[in-house]
Each structure stands twice: as structure tokens, then as C-alpha cells.
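I opened this notebook to keep track of what I looked up, going from the overall fold to single residues.

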Amino acid sequence: MRKNLGWIARAITLAAVLMVCAGLLSAGEKKLMHCFVFTPIAGATDADWAAFAKATDELPSKIPGLHRVWHGKLLRNLAVFMPDSETRKKFTEGVDTVQGGVMRRIREYGVCMEMDDEKALKVYADHPAHREWEAVYGKVRQPGTTTFDIIGR
């Protein structure tokens, strides 16, 4: 009995070491994270949100180079301030502060997509499944998003 316990303990230790090594290897991956936050449509129905969640969850199975997606309500809303066209013109090289009209949008929801690289982002942007998804996404969000891409180092 004691011999069996020793073997089990070594097997558990080996499994733990392998899991740690796998975590370290994936930590160095140089993938791209494509993220965006958006303002919801007040009249979006539960069915619209369910369709959005389903369509978003299915994207990795449809688009090469797209591996995982996360989507949901932001932990804290994000205020985005957008200058009007006249105010935007006042920003020139070296000018960081101007006066003028701005519009505030409150972003409440977000999506992040893990992709292989910038090439995969281009494939995603032009893919027919992305265009189909946009039609579903358009039923839960107001026009305009705040988008950013993070490249792994």
C-alpha cells in the first residue's frame, strides 16, 4: 500500500510540474489581442443579447487565426470623450490642450479576441463570418466603438 502511495505522489508532482511549465511556455506567446468597448442600445432585447453572445462565441470556430473570445459587461463603465470636427482640427503636432465641443459616450460592454497576429486580424476583418457577426452585433450596440489592439512582446 505504501509503495502505491509513493507512486501516486510522484505522478501528482509530475502533473503539477507539467502544468507549471505549460503556463510558463504560454506566457511568452506573442499573440494579438483585439479589444473593443461599446455603448449598448437601450432597446436591445434579451433575444438580441443572446444572439450576440452565441454569434460571438462561435467566431473562433469560423475564422482561422482567431482562438478565443471574451465578452460581457465592463466591471466599470468607461467614459470616452470625442471632440467635434472643428475642435479636432485644433489638435496639431505639439498641441495637447484645446477648447471646443466634445461629446461623451459611456462604454458599458466589451469584447476581446485572442488572435495569432496582425495577419489574423486582417483575415478576421475581411472574413464573411465577421460580416455576418456584425449584423448581430449591430442590434445590441450604438454606432461607434472604442477599439485597441495589444501585441504580445
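Before I describe what lies across what, I note that I take contact to mean heavy atoms within 4.5 Å. I also note that the model I am reading is a predicted one.

**Entry 1, the overall layout.** I began with the inventory, and found that the secondary structure of the protein chain amounts to five helices and four strands. Read from the N terminus on, the elements follow the order α-β-α-β-α-β-α-α-β. I then looked up burial, and of the 153 residues in the protein chain, 23% are buried. For contacts between residues at least 6 apart in sequence, I noted that 80% join residues at least 24 apart.

**Entry 2, the sheet.** In which order do the four strands stand in the sheet? I read the order as β2-β3-β1-β4, in an open sheet with antiparallel pairing. The edges are taken by β2 (66-83) and β4 (141-151), and each has a single partner strand, so one side of each is left without a neighbour in the sheet. From one strand to the next, the twist averages 25°. As a reminder to myself, strands of a sheet pair through backbone hydrogen bonds, either parallel or antiparallel.

I went through the pairs in turn. Strand β3 (residues 102-115) pairs with β2 in the antiparallel sense over 13 bridges, and along this pair Pro83 stands opposite Val102 in β3. Between β1 and β3, which run antiparallel, I found seven bridges, and here Cys35 has Cys112 in β3 as its bridge partner. The pairing of β1 with β4 is antiparallel as well and has eight bridges, with Val37 opposite Thr146 in β4.

How many of the nine residues of β1 are buried? I found eight of them to be buried, so β1 is largely enclosed by the rest of the structure.

I next looked at what lies over the strands. Helix α2 (residues 46-62) lies across β1 (32-40), β2 and β3, and its direction makes an angle of about 125° with β2. Helix α4 (residues 118-126) lies across β1, β2, β3 and β4, and runs at about 40° to β1.

Which residues of α4 are buried? I listed Ala120, Leu121 and Tyr124. These residues cover an arc of only 105° around the axis, which puts them on the same side of α4. An α-helix has 3.6 residues a turn, so residues three or four places apart point the same way. The buried residues of α4 pack against β1, β2, β3, α5 and β4, whereas the face turned away from them carries the exposed residues Glu118, Lys119, Lys122 and Asp126.

I repeated the search for α5, where the buried residues are Ala129, His130, Trp133 and Tyr137. They span an arc of only 95° around the axis, which puts them on the same side of α5. The cover over these buried residues includes β1, α2, β3, α4 and β4. On the face of α5 turned away from its buried side, I found the exposed residues Glu132 and Ala135.

From α4, the residues Tyr124, Ala125 and Asp126 meet Pro128, His130, Arg131 and Trp133 in α5. I sorted the residues of this contact into four nonpolar, one polar and two charged.

Last, I turned to Lys62, whose place is in helix α2. Is Lys62 buried, exposed or partly exposed? I noted it as partly exposed, with a relative accessible area of 40%. Leaving aside neighbours within four places in sequence, Lys62 is in contact with His127 and Ala129. Lys62 and Ala129 are 67 residues apart in sequence, yet 6.6 Å apart in space from C-alpha to C-alpha. On the α5 side of this pair, Ala129 is one of the buried residues of that helix.

How values were computed:
Residues numbered from 1 in each chain as written. Predicted model: local features only at pLDDT ≥ 70, side-chain atom pairs only at ≥ 80, totals over all residues. Heavy atoms only, no water. Pairing = 2+ DSSP bridges. Axes fitted to C-alpha atoms, helices over the stretch in contact; angles between N-to-C directions. Nonpolar A, V, L, I, M, F, W, Y, C, P; charged D, E, K, R; others polar. Buried < 20%, exposed > 50% of the residue type's maximum accessible area, 1.4 Å probe, protein only. Arc of directions from axis to C-beta.
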